[in-house]
Structure formats: C-alpha cells, structure tokens
Amino acid sequence: QPQWQLIDELVTKQVTSSYTSLLSSMASVVSEYMLAPTRCAVKSGWLLTNSVHHSSISSHAREIDILGFIALQEMTSLWSQNGTVTLDFGDFGPPSTFSINEKVERLLIGFTDGSLVGVSTNTSVASYNLFDPSAFLLTSNSSGRMYEWTVDNNSTWTLIGPPAREWEYNLSQEPFYKAQADMARSVKPNTPAETLWSPMYHVDFGFSSGREIGLSLTRPIAYCGTYDCFEGIIAALVTLRYVETLATRALSQIQERLPSVDGNCSSIFIVNYRSRFPDQESYLVVAANGLKRGHLIHANESDQSIVRATAFAFESRFGGWQSEELGAGDLFYFRLDAASESPRRFVPCVEPGNGSFGGAGTYKERTCVGVGTRIVELDSSTAWLVVMVLPQGVLRGLGHAAQAQVKVLEKETREEWQKALHDEQAITLGIFSAMIVLSICMAMALSALVARPLRHLSSLGTLMRRLGDLDFAHDSSELIDLRTGSRSLIDEVGKLQGTFCR
C-alpha cells in the first residue's frame, strides 16, 4: 500500500506537470505575440523620429510627411511577417503548431503641438480582416482634424484621391498620448524615459458596427533620455480582437487534440491582473471564441457561461482576481454545474490522485473542471492573468493511462524478479549438490588413506602377539606383508614397521 501511494503521488505530479506545461506554453504565446511585434514597431518609430530629428529638414511639416511614408514601408514589412505558435502538450501528446500574423494595427507618432502621423490597417472597411491588412496613412495637425488617406503601396507609395475619412481629433485627449504626457508632468526631474502600456481604450476604426477596444505600447519622444525634454509619443496599437484570435486558435488546437473537450467544458481567457490604471484591474481582456464587444466588462459579465462560472469560483476561493495566491500557478478543481446554476455554489472537486483515479468522490468527467493560471508581465506595472479551464476527465484520463502504464511496468518487473529468483535458486541448488558430491568424494578418499595404514597396524598387532609368545618365525604371512607393504604415513607407526623389518 505505501508503494502504491507513492506511485499515485508521482502520477498526480505527472498529470499536473502536463497541465502546467500547456498553460505555461499558452502564457508564453500571449507574451511573445503581444510584446514582440509592438516592441518592433515602437523601435522602428523611434529610429525614424531620431534620424529625421537629426537631419537638415527645414520644417516640421516636412518631417511629418517623411515620417509617414517611411513608417508605411516599415509597417508593411512588419505586416508581412508570419510567426509560428507552438503549444507544448506535455504528456497529453506531441507539440502543436499554427501560424499567425504578428499584428500591430496602428503605428502612431504624435507631438506636443497636436500634430500626428501614423500608419493603420484597412480600418474603413466593414469586412475588416485581421490578417489581410492594407495600408492607410493617418495625419493630423493642430487644427484638430484627423485625415485617413488610402495609399497605393504596391509600387508608387502615393496617396490616392481625397481623404477616405476625416473627423475631429484631439491628440492630447487620446489615452495612449496621456499615458506618457501624464508621466512627463508628474515625475521628478531627470527621470529616465520609460516604455509603457496605455490603458485599454476605445478605438474608432470607422466601422458601422461600432468601435474596437485596444491598447498601445508607448515610448516618449525624448532625445535627452529623460522626461525633461518630452516632445511627443510613439505608440503601437493592438486590438483585443488580435489577442482574442490568439486565444481562440490555441483553444481550437487543444480541443482538436484532447478527447471530450469542447466549448462547454473548456476555455482560455485573460484578466487584467495588475495595471498602472487601477480602475481597469480585474477587467476581462479577452476570452477565446468571445463575441466582439465595444466596452470593457468583468469576467462575471461575459457572454460565455463557463467564463462566468469560473469567475465566480475564483471570487469564492480567492476573494477576487488580485490574490497573491494566483501567482503560484497551482491548480484547483470545482463543480462547473454548481457554479453555473442559480443560486451559484462553489463546490470543490476531488483532485486527481489521492489514492484513486476516478474513485469515490468524483463526478462526471465534464462536470468537474480544473483551472490553472499564469501571470504574463507586459511591463513593470502591467500584467495579465491567463486562465485555462479543462475538464477534469482529461486529467483523470491521463492519470488512468499513467497508472495503467505503471501497473504494466510493475507486473513486468515482478515477473522479471520472479524469473531471476527462480534462476538463482536453481544455481544455488546446483552448487549445493556439487558441494555434497565433492564432500562425499573427499570423505571417501580420506577414509581410504586412514584405513590402509590401520590395516597394516592390525598385521603388526598379530606379530606383537607372536613375539609375546616367543614365536620368532621369519616366514609368517604377517611379517611378509609387513616387509613388502608400504609404510604408514603416520610417523610413529612407520618407525615401528621399520623396526620389525630389520
């Protein structure tokens, strides 16, 4: 029993390890495909502004034009890059991969005088395709108007016709601009310029269906290296639709790979765990297969019942989304049906293991779900919490398979041990028999060696009796045997025999 308890604990660790491998892989995907393209875009924008700033261009308006067209070329190159996402399934199976376009919807360069230039994807078309962008040039000046220009980026890189769209625009009120402008006003002198994320905000793409929600990675334009010479911002925008696409494709791979996993018992969603803007903490960032929405909501307000139920379980177990326990990455299990019904109830499930996989205290495979979390650090003050929900039956299934494998190995080991024991017993019996035979032979040889001189000694005894009777005949058979026979190995007997033979 102690051995099987140890085996069960090891199997439980294996099951947990496979789950956490998949969860960590998903968190790495979110981190990489949020940070890599935005950092690349911001770096390109900084190099552009820095080179133009140190050139001999005579006017700021001319700088804006040059920045816009060079940024177009830079962003078009970035939009053409595809990344390969790899999910590590651990013991669930081999890794799974899929391709995705590294997406930055807009690169904006704005200045303190209100002027702005930027590059955007195909924003004015209702049939917006996340992975088929075409370039638009955005320009604004101190007059408070934004213009969206269609660009022929196939050959001449020229603006086509009048602006495709124009609207009132105030750069100083844009959340991505205020994130850096407020820092510049509030920090102490000589504070180093910092790249940071803006809050989530509404983005007007000109859709008739409404606005998108996005956030921007921003860098101050400060050529001296501190906020003392703040001149503007560089911002790389990603929409939550892009992040939702990452989560949806990853969940699709998981559902295809694992049996009995579908949208009713599995989910991947992201919560705003820590933010420079406290009023946005605990908001739902995205959920896989989530509906498009133009406003911020909490997880318990999601259109998906499994997300609402999981949010209720988190609040019941941890008291909210800011608990430090969430950073430990431990798994917990709860009854999905109890958390979904009215009134909601938090009912923990028996964890896989504890001496029995699928034994007493367990429920239907799809009723109990396991939940794990990983924190994704976006910057020093911004972090997301990636939440993965999978049916406990999948984990139990892996546990059953591992336990069955252990039983097979245990049976094979036992059979090998019994065979080795049998062979050892046979060898031992053979050696023991050989030693008995050898002992008998040695005993017979020793007895023969000892008996022969004793026989001679009996002849000597006869001679001694005859001598006692004063019979000195030299032709007796005993004396002849004594003379012709061998001498005893016993020294005293041998000397006595020699004496009689003289």
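Trainee: Is Cys 224 buried, partly exposed or exposed?
Mentor: Cys 224 is partly exposed, because its relative accessible area is 45%. Buried stands for under 20% relative accessible area, exposed for over 50%, and partly exposed for anything in between, using a 1.4 Å probe and protein chains only. Keep in mind that this is a predicted model, where local features need pLDDT of at least 70 and side-chain atom pairs count only at pLDDT 80 or more, while totals for chains, interfaces and linings use all residues. Residues are numbered from 1 along each chain as its sequence is written, and side-chain values use heavy atoms, leaving out hydrogens and water.

Trainee: Thanks! Which residue does a disulfide join to Cys 224?
Mentor: That would be Cys 229, with an S to S distance of 2.0 Å. A pair of cysteine sulfur atoms counts as a disulfide if they are within 2.5 Å. Cys 229 is partly exposed, given its relative accessible area of 22%.

Trainee: And is that link of Cys 224 and Cys 229 left-handed or right-handed?
Mentor: The link is left-handed, with -105 degrees about the S-S bond.

Trainee: How many disulfides does the count come to?
Mentor: The count is two disulfides. Besides the link you asked about, Cys 349 is joined to Cys 368, S to S 1.9 Å. The torsion about the S-S bond of Cys 349 and Cys 368 is about -80 degrees, so this disulfide is left-handed.

Trainee: Where do Cys 349 and Cys 368 sit in the chain?
Mentor: Cys 349 is in the loop between helix H6 (336-340) and strand S15 (368-379), and Cys 368 is in strand S15. The two are 19 residues apart, and the pair links distant parts of the chain. Helices (H or I, at least four residues) and strands (E, at least two) are DSSP runs, numbered from the N terminus.

Trainee: Are Cys 349 and Cys 368 buried or exposed?
Mentor: Cys 349 counts as buried because its relative accessibility is 9%. Cys 368 counts as buried too, at 1%.

Trainee: New topic: how many aromatic pairs are there in the whole structure?
Mentor: A search finds 12 aromatic pairs. Rings of Phe, Tyr and Trp (its six-membered ring) pair if their centres lie within 6.5 Å; planes under 30 degrees apart are stacked, over 60 edge-to-face, and the rest tilted. The rings of Phe 176 and Tyr 201, for example, are tilted, because their planes are at 40 degrees, with the centres 6.1 Å apart. Phe 176 is in helix H3 (residues 175-186) and Tyr 201 in strand S9 (residues 201-203), 25 residues apart.

Trainee: What about the rings of Phe 269 and Trp 321: stacked or edge-to-face?
Mentor: They are edge-to-face, because their planes are at 85 degrees; the centres are 6.2 Å apart. Phe 269 lies in strand S12 (residues 267-274) and Trp 321 in the loop between helix H5 (305-318) and strand S14 (332-335), so the pair ties together parts 52 residues apart in sequence.

Trainee: Which residues form one aromatic cluster?
Mentor: Phe 269, Phe 314, Phe 318, Trp 321, Phe 332, Phe 334 and Phe 346 do.

Trainee: Last one: what lies over the face of Trp 167?
Mentor: Arg 165 does, at 3.9 Å from the ring centre. Likewise, Arg 219 lies over the face of Trp 46, at 4.4 Å from the ring centre. A charge sits over a ring if NZ of Lys or CZ of Arg is within 6 Å of the ring centre and within 35 degrees of the ring normal.
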